Amino acid sequence: MIRIQDVLDKVERYQKPEDVELVRKAYVYAAAAHAGQVRLSGEPYLSHPLAVADTLADMRLDGATVAAGLLHDTVEDTKATIEEIDESFGEDVADIVDGVTKISLLAFDSKEAQQAENIRKMLLAMNEDMRVLFVKLADRLHNMRTLEFMKPEKQRRIARETMDIYAPLSNRLGLHRIKLALEDLSFRYTSPDAYDHVAEWIERHKADDAEYIDTVISSLQETLDKNGINSRVKGRIKHIYSIYRKMTSLNISLDEMHDIIAFRAIVDDLKDCYAALGLVHATWKPVPGRFKDYISMPKRNMYQSLHTTVIGPKGERMEVQIRTEEMDRLAEHGLASHWLYKEGGRVRAKDVRQFTWLREMLDWTKMESDSREFLRSLRFDLFKDEIYVFTPRGAVKELPENATPVDFAYQIHTEVGDRCAGSKINGKLMPLSSILKSGDTVEIITAPNRRPSRDWLKFVKTAKARTRVQYFIRTEERERSISLGREMLEKQGRRAGVNIQKHVKDGSLLLVAQELKFAGVEELMSAVGYARITPRKILGFLLPKPAEEAAPVPEAEQTPASRTPASKPATADSVVVKGVDDILIRFANCCNPVPGDPIIGYTSRGRGVTVHTADCPTINQMEPERLLPVHWEGSQEDIPFPARIHILCRNTRGMLARIAATLDAGGVNIDSGSIRSHVDGRTEMELLIEVSNLVQLIFVQDKLRKIDKVLEVSRMVVPGVSEAAGRFHAGR
């Protein structure tokens, strides 16, 4: 457990005595507030805020930030209040703690909605003070380091969120060490078998790699010294997740991997960087197309370095990075920590030009009210590497890799994107779906009558473009659905002898809308147009009830059927759609939801509701306004549900029989499957199995992982597979 004196010693090296005293005071307050609390590991709870403060001190952040790290959980987990923090430690510390505190007192429809609002609040707080994110990242780093004490399901959820949101945010801020640590820790829990496979391979080759690293360091250091370049040379094996990502992107085995060792030459000044590059290329043959100059063209997080890949000793590819001491410090600890500890105090993202990406992110998050779509757009925007393209006047625009002219147009201005009709790339007319490359010059052709197209969603790569196109489509679709819903309701009303326009004018239709939990008549009409509610149900409120229906039935005379609420589903094995009665339910074959999965519904005109798992990738291509909250209801224990699993194993005798026997022992039937063998001695199996619920699925997956020579077991999703036929109707 880290001691407070360790933290104070670090802060004392770069901060004033009053800052050290502020940190000491925060420790005393946190120790009293968390007294008697313990973590799942059994350690005193205070060990967590101390670890967070220690990470912040390593980043050389100011006293207020380190103090906030010690206090960040007091408001959420103890009786302390923001007002008390403000009074005792000042406005800066209180605002940071408030920005980090989760929105735990509000009610949300789902875990995803809560997660989205927590992150949205954090982004807004970041805009006012960037230190909020530094504390949150330090908090997440220690939580990931102690994740082993949580339940497996929670481990996977937190690790996935970390990989999707916090690791990319660390990268955006230039916090390279934290980014790599979060990626490796997340990978360990999201893909434990693959993680162990790579880690074991690295361990087996550790001795040989260490010898190779020493050889290259000595050779490069000697070359630079002989040519009068003062330098420090370092070498390391790349991180586990970095190696895995490269292996999968190239579709090769670990034994076929090259370029997994990186070397870094740190020199005194800028001219020495390019001089050292020339010496590296003179010593070892450079690999064509593998040189990147991030000094003349820094990354979005202001990272600067020269990167080149060369054929080193023994014919092995190796990466060499060349940078100055200042560049290296910023690469390791982040640009933000540099100007924060140097200038001190609150720093708003809107005042720093390097954080235009955050301001853009906040702009489109304000347009997106749907929590799921907000999270999808955020992940979409954070994960991409950058390319640099030019306007016809020579201005540089930074875009994510594989960006298109439509992304470029929205980067110029929203109006340019909305009216984008064509593009010229390097002077040639090219389709709007063309992939841009670094160095391209792009000219956008606009037309006054042009509007965003739904087809653009198939190829745009920036959240800004995606959100704007979806916003336009939603607006257009809403108008269309209102018109269609009104037409359907009036047509059904004429058949039943009900004048819908009359009920609109006298306000009775508004009362029906409110009874059905809609904000107004237009929302009610839109729901009819989207098939979320039937005209017949609305007319049921407007038609006079027959006398025999109006008279109350004595409870003793009610039959079991008459006592069943109308909102209950007709069968026990059902999914309930919130706010909708008597609608056809279909299960998606792409993700095969099983009871226990978090699920979501997608409504189609005339086809009812298709149920997907909440994290199904197919949902990213759907219209957010057609998504409906749904949940499992009743018992489905006797009903088999299909689920796809992927198994990676060694191609040994009897392996298929052992897998089949394990599934049979777990009460699982194999419906169908396919087997592929690879030249490296591995075999892939894709099986469609039948399970009763998520618990049984997880149970058999765990059993399969314990089979000797089984390397990886995971659940499969197959985007684009057609939907299953409807099986039953659901209630509200």
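A: Start with the surface. The chain exposes about 34,900 Å², and carbon and sulfur atoms supply 51% of that area. Accessible areas come from the Shrake-Rupley method with a 1.4 Å probe; for residues, only the protein chains shown count as cover. The model is predicted: local features need pLDDT of at least 70, side-chain atom pairs count only at pLDDT 80 or more, and totals for chains, interfaces and linings use all residues. Residues are numbered from 1 along each chain as its sequence is written, and side-chain values use heavy atoms, with hydrogens and water left out.

Next, the overall make-up. The chain has 30 helices and 21 strands. Both are DSSP runs numbered from the N terminus: helices are H or I with at least four residues, strands are E with at least two. Of the 732 residues, 50% are buried. Buried means under 20% relative accessible area, exposed over 50%, and partly exposed in between (1.4 Å probe, protein chains only). Among contacts with a separation of 6 or more, 68% join residues 24 or more positions apart. A contact means heavy atoms within 4.5 Å.

Now the close look: the sheet of strands S17 to S20. Its 4 strands form an open sheet in the order S18-S19-S17-S20, with antiparallel pairing. Two strands pair if DSSP finds at least two bridges between them. Strands S18 (669–677) and S20 (710–715) are the edge strands, and each pairs on one side only. On average, neighbouring strands of this sheet are turned by 20° against each other, direction ignored. The angles run from 0 to 180 degrees between N-to-C directions; the axes are lines fitted to C-alpha atoms, for helices over the stretch in contact.

Look at one pairing. S18 and S19 (residues 682–691) run antiparallel and are joined by 8 bridges. Within it, Ile675 has Met685 in S19 as its bridge partner.

Two helices lie across this sheet. Helix H30 (residues 694–705) lies across S17, S19 and S20, at about 165° to S20.

For a second sheet, turn to S9, S10 and S11. These 3 strands form an open antiparallel sheet in the order S10-S9-S11. S10 (428–430) and S11 (442–446) stand at the edges with a single partner strand each, so one side of each is left without a neighbour in the sheet. The twist averages 35° from one strand to the next. S9 (residues 420–425) is joined to S11 by 5 antiparallel bridges. There, Lys424 has Glu443 as its bridge partner, and Ile425 stands opposite Val442. S9 also pairs with S10, in the antiparallel sense, over 3 bridges. On that side, Ile425 stands opposite Lys428. S9 and S10 make a hairpin with 2 residues between them, and Asn426 in the turn has a positive phi of about 55°. Helix H20 (residues 405–412) lies across S9 and S11, at about 80° to S11.

Then the core. In soluble globular proteins, nonpolar side chains tend to be buried together. A nonpolar core here is a set of buried Ala, Val, Leu, Ile, Met, Phe, Trp, Tyr and Cys residues joined through side-chain atoms within 4.5 Å. The largest one has 55 residues, and Leu56 and Val93 touch the most other members. Helix H9 (residues 131–145) gives the largest share, 8 residues. Leaving out residues up to four places away in sequence, Val93 touches Leu22, Ala64, Ala67, Ala68, Leu71 and Ile85. Another core, of 40 residues, lies apart from it; Ile202, Tyr212, Ile261 and Met327 are among its members.

Last, the rings. The structure holds 8 aromatic pairs. Rings of Phe, Tyr and Trp (its six-membered ring) pair if their centres lie within 6.5 Å; planes under 30 degrees apart count as stacked, over 60 as edge-to-face, the rest as tilted. Tyr29 and Phe89 have ring centres 5.5 Å apart and planes at 90°, so this pair is edge-to-face. Tyr29 sits in helix H2 (residues 17–33) and Phe89 in helix H6 (residues 82–89), so the pair ties together parts 60 residues apart in sequence. Tyr29 counts as partly exposed because its relative accessibility is 21%. Phe89, at 9%, counts as buried. Trp632 and Phe641 make another edge-to-face pair, 5.7 Å centre to centre with 85° between the planes. Trp632 is buried at 17% relative accessible area, and Phe641 is buried at 3%. Phe187, Tyr195, Tyr241 and Tyr244 form one aromatic cluster.
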